[in-house]
Amino acid sequence: MMDEVSVCAKNISYAYDGVSVLSNLSFTVNNGEFFIVIGPNGSGKTTLMKIIAGLLKPRIGKLEIKGQSIKKYKRKILARKIAFVPQQIPTDFPFVVEDVVLFGRSPHLGTFGLASVADISHLKKAMKFTEISDLARRRLNQLSGGECQRVFIARAICQNPDIIVLDEPTASLDIAHQLRIMDMMEKMKQEKNITVIMVSHDVNLAAMYADTLMLINRGQQVRVGPPGAVLTYKTLEAVYGCPLLVDGNPLDKLPRVTPVPGRYIKKMPGR
Amino acid sequence: MSSVLKRIMAVSAIMIFFLACVMVLGLCFGSSGTGIRSFAETIESFSNPNSLYYTIIWKIRFPRVIIAAMVGAALSLGGLVFQALMRNPLAEPYILGISGGAAIGAILGILLNLSRFPGVSFLAFLGGMGTLFLVLLLSTGKTLLKKEALLLSGVMVNSFCSAVIMFLISVTQDARIHNIMFWLMGDLSSGGKSEALLMGIILLPCFVVIFWFSNSMNLLLLGKEMALSMGVNVKFITIFLLVITSFMVSATVCYCGLVAFVGLVIPHLLRMIFGTDHRVLVPACIFGGGAYLVLCDLLARTLPLQGEMPAGVITALIGAPVFIFLLKRSE
């Protein structure tokens, strides 16, 4: 049945001004799956997120969302299926937190965006879920990076989508906040059966949460599969171009990647 | 009732009250030989259509105050829309040279002896759109609209427009020069009832349309991509609102020249008081901007010992320091 599949990409490619950024990516993301894309800087991860969220159109290839070609969706209908959380969050204009979260309802409302009682209850739930209820009346420019990120995740949840696409939501956050965001994503997937697709620059964190990892490099798909199959030191060293150790983490034996500082290289002749 | 509607109504009520007070002041005071008229005498003149006061107050001051309110509303709204679409709190049709471009068109129209409507107005609209296009082209390139790039291009285009205007004026040999100069500096004194009606027909529908799209402006402020991901038709709304706004600003330029900085001062003040929700800010700007220009025009009429000066002088005297203050603070 097609309706078990959230996102299905076949041979998608993208180029900015004639420079190829992504070429021939094919993958499938099932409903309620935690799908994390990893890869070196400039490998096209952000572009891929924007394509899945419908912000950019793939030049070549097919992309299906919930069994229907993304081209056939009207903007507003697509916005009810997919929510997007960008990497850089604008705070120039000091909106009130509550208002920003409620903006997430706009795909379900008219042009003027008048919220009903049901919309307010969505708002309350989303704020509770992301633990920002006590920030409701604060302004965006008064928040820390982690709080701001949670506000925009709450906005995405308020959109009531089947799929949430996030571009490095944990970038520039400390370890505690990174864990908090990742736990939140896991809970969202488990409780609401929302498909979570995100980019992560932290390979270890990705390994511990992802059902499926996709490793891309220079716009090419290197490997897709469960963390254990993707994170082998041969693959990683080839992609990142630096020496790495891969073993199991002490918690659940999922792959743990340790970068090896230069001073140890000579002492490890057996590798 | 939705809390947004309640806020819109409460804020509108406050601003309408404020506008009404200022308009009454505008009716009661003036530069004419009759001097300062008290409120009671104004009311009294109602019942006596043949008196001199009746003529001064209802045939001269009343249309002028109405036009000042509409022009002020249009210019503040212009600033608000530009700031939202360009996500730049310093964007404004005057600063970006849109008004200047419209003025070039209007002066050309006047020199060609076209009628004010539709001839001069159409050329002014073309001039405004042309400079808008030029500024956007200069400031974008391949990157996003950057704050500095946008302002710098605007300043360049604006000073180029000023040069063209000065050139056009200096090659004009006849008696129209004084009129053009006075009009150019933002003069509200030339209107009667028919002008007020025409301005209303042009501007009021624009106000309604912009109010209708005010929530889209909220979403656009979160960035193009986020707006797109929430189902906003970003391209259509951006272009549509820019055209409507340029049209509105060009219409005001045709009527009263360059009234500077209203679109900067009023949206800023109102944002500080009422927050960033454009569904509240649009009506607040319409009534508040109206009140502001009525007040500036009142000052322009009463401050000089003899005669009067253009209202644009007052708005520029207030607006330029505010702009510098905001620029300083945003750094």
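Me: Which residue stands opposite Val246(A) in β12(A)?

Reply: Two strands count as paired if DSSP finds at least two bridges between them. Here, Val257(A) in β12(A) is the residue opposite Val246(A). A word on the basis: this is a predicted model, where local features need pLDDT of at least 70, side-chain atom pairs count only at pLDDT 80 or more, and totals for chains, interfaces and linings use all residues. Residues are numbered from 1 along each chain as its sequence is written, while chains are lettered from A and ligands numbered from 1 in the order in which they are written.

Me: How many bridges join β11 and β12 of chain A?

Reply: Strands (E, at least two residues) and helices (H or I, at least four) are DSSP runs, numbered from the N terminus. Between β11 (residues 244-248) and β12 (residues 255-259) of chain A there are five bridges, and the strands run antiparallel. They form a hairpin with six residues between them, and Lys253(A) in the turn has a positive phi of about 65°.

Me: What does the radius of gyration say about chain A?

Reply: The radius is taken over C-alpha atoms, and the globule rule is 2.2 Å times the number of residues to the power 0.38. For 271 residues a compact globule would have a value near 18 Å, so the 19 Å of chain A agrees. The C-alpha trace of chain A spans about 65 × 40 × 40 Å along its principal axes, and the chain has nine helices and 12 strands.

Me: Where do α1(B) and α3(B) touch, and how do they cross?

Reply: Axes are lines fitted to C-alpha atoms, for helices over the stretch in contact, with angles from 0 to 180 degrees between N-to-C directions. The axes of α1(B) and α3(B) (residues 52-85) come within 9 Å and cross at roughly 145°. Residues are in contact if their C-beta atoms, placed from the backbone, lie within 7 Å. On α1(B) the contact uses Leu19(B), Met23(B), Gly26(B) and Leu27(B), and on α3(B) it uses Ile57(B), Arg61(B), Phe62(B), Val65(B) and Ala69(B).

Me: And how many residues of chain B are in contact with chain A?

Reply: By that contact rule, 25 residues of chain B meet 24 of chain A. On the chain B side, α1 (3-28), α9 (214-221) and α10 (224-229) each supply at least two residues. The largest share, five residues, comes from α9(B).

Definitions and conventions. Two residues are in contact if their C-beta atoms, placed from the backbone, lie within 7 Å.
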